[in-house]
Amino acid sequence: DKLQMPANFLWGSASAAYQIEGAYQEDGKGLSNWDEFVKLPGKTYQNSTGEVAVDHYHRFKEDVALMAEMGLKTYRFSISWARLFPQGRGEVNQAGLAFYENLIAECLAYGIEPMVTLYHWDIPQALEEAYGGWESPQVIQDYLDYAHFLFQHFKDKVNYWITINEQNIFTTFGWMTALHPPGKLQQEKLFYQVNHHVFLAHAQAVIAFKEIMPNGKIGASFAYSPSYALDCDPKNAMSKLDFDDLKNFWWMDVYAYGRYPKSAYQHLAKKGVAPVVSEADSELLVKAASKIDFMGVNYYQTTVCEYNPLDGVASTGEMNTTGKKGTNQISGVPGIYKNPTNPYLKTTDWDWTIDPMGLRYACKEITSRYNLPIIISENGLGAFDELTADHHIHDDYRIDYLAQHIKELMIAVEEGSDIWAYCTWSFTDLLSWLNGYQKRYGFVYVDRSESGGSLDRYKKDSFYWYKEVIASNGQS
Ligand code: BGP
């Protein structure tokens, strides 16, 4: 029997406001933390910024027309909080709102289901300055007001909502490895406190949402990197268990159950860095967990776990941002785990493992642990693409990557996972946060480099291929 996707399966593609829109100071938009962060030299590859990005703000009609030509069923994008609320709160900026109204109308006109991410890493700078952004519990009310406004405004138009994109990544990079704003290093206690605020903001939004749109669908998108124990040495198996509690279940358990994994919490409490969880917090988190509709999964790679002695490697989380293989650092926490390379897997030029079966693993794990439907909200291959003289991009490597992942996803469905959507990262090429414009993910090539470009769009070979995948519901 051939593998099959459900008839109403949402084949999609994803993006995020800062990486695509540009127009960073237009029509009354306020600045975000990222607008400020990229001004600091050396933070991004060749100091690339999203000031212009791929100018989606002005070219969204052209981009959505390309989506329609491809037959895309859903388009996942994020809203720039500071475009809507330049001060982070208060009066809505009508011109900013009009952009999203038009974008959503354009999608709906072509029968493309909009999937909206409320927060994809760009917090209004005004809130950073007012009270330190996510570091203060004040952010919870402001995020809720922002979310509430959007739920009310788009309740008849948007069915799918994602509260927070990759909470684990933006908090780790922001407060542990200093790679993202606010650029803090090893602030472990603050890191867990910030996360607690994000969880509470997410939970408040979920509860508010269900009152406004009882039939709408809401969840968070988690960057899930499933882990494998290096081997059957019990020490390594234990390191995998601890790794999962600290790096995966710490987030997914809160979304799905409303509580932190117990042994990880105890470990962090002993260290004096666990967040304080009041009874009211607990109630709120449990209530929200009972109301989420799906687990959003951004899947790129898997991890290997090996026991790490007390005097072992302590990583700062340095990353390969050049696309020159082999510049990745081994990460680890002394006394708990380290993450050696996986000899069975190939890697991308940015040293990310390529593991299609890991996607099936992720789905099965979530299905058995949480019994929730799943939306794959991101998956894709970052690569150098070459535009030929006659304007083609022969990205057979991307086709190969996506085809293998889709096949594993279909097996996951066969094996019992309830998967609603598959969004590739990304539709057009766009800014990679730390890796500039040379690391490309799109079906549509955008002529731009760190220094600029015509911004013209060209369909890659993968564009025509995915179009067939959608038309045949995964059969080809
Ligand atoms: C995810 C983010 C996306 C996107 C993607 C690719 O973590 O949610 O915004 O950037 O990763 O990552 P990168 O751009 O680092 O290659």
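Predicted model: local features only at pLDDT ≥ 70, side-chain atom pairs only at ≥ 80, totals over all residues.
**Exercise 1. The annotated residue**

Task: Which residue does UniProt list for "active site", and where is it found? Decide whether E378 is buried or exposed.

Solution: 
- Start with the record. The unreviewed UniProt entry lists E378 for "active site". The annotation may be inferred rather than shown by experiment.
- E378 is found in strand β13, which covers residues 374-378.
- Count its neighbours. There are 26 C-beta neighbours inside 10 Å of E378. The cut-off for buried is 20 or more. E378 therefore counts as buried.
- List its contacts, leaving aside neighbours within four places in sequence. E378 is in contact with A14, N298, C423 and W425.

**Exercise 2. The strand that holds A14**

Task: Determine how many residues of strand β1 are buried. Then state which strands pair with β1, and in what sense.

Solution: 
- Strand β1 runs over residues 10-14.
- Check burial. 5 of the 5 residues are buried, so β1 is largely enclosed by the rest of the structure.
- L10, G12 and A14 point one way. W11 and S13 point the other way. Residues of both sets are buried.
- Take one partner. β1 pairs with strand β14, residues 419-425, in the parallel sense over 5 bridges. S13 has T424 as its bridge partner in β14.
- Take another partner. β1 also pairs with strand β2, residues 74-78, in the parallel sense, over 3 bridges. Here A14 has R76 as its bridge partner.

**Exercise 3. The strand that holds S221**

Task: Trace the pairing of strand β5 with β4 and with β7. What is the bridge partner of S221 in β7?

Solution: 
- Go to β4. The strands β4 and β5 run parallel and are joined by 4 bridges. N165 has S221 as its bridge partner in β5.
- Go to β7, residues 295-298. β5 pairs with β7 in the parallel sense over 3 bridges. The bridge partner of S221 in β7 is G296.

**Exercise 4. Backbone exceptions**

Solution: 
- Take P182. The peptide bond from P181 to P182 is cis, with omega near 5°. P182 lies in the loop between α8 (167-175) and α9 (188-212).
- Take S426. W425 and S426 are joined by a cis peptide bond, with omega about 10°. S426 is in the loop between β14 and β15 (444-446). W425 is also among the contacts of E378.
- Turn to phi. For E166 it is near 45°, a positive value in a residue other than glycine.
- A178 also has a positive phi, near 60°, and is not glycine. A178 sits in the loop between α8 and α9.
- With 17 other C-beta atoms within 10 Å, A178 is partly exposed.

**Exercise 5. The whole chain**

Solution: 
- Count the elements. The protein has 15 helices and 16 strands.
- Look at the spans. Along its principal axes the C-alpha trace covers about 55 × 50 × 50 Å.
- Of the 476 residues, 49% count as buried.
- Finish with contact range. Take contacts between residues at least 6 apart in sequence; 77% of them join residues at least 24 apart.

Methods. Residues numbered from 1 in each chain as written. Helix = DSSP H or I, 4+ residues; strand = E, 2+ residues; numbered from the N terminus. Buried ≥ 20, exposed ≤ 12 C-beta atoms within 10 Å, placed from the backbone. Contact = placed C-beta atoms within 7 Å. Pairing = 2+ DSSP bridges.
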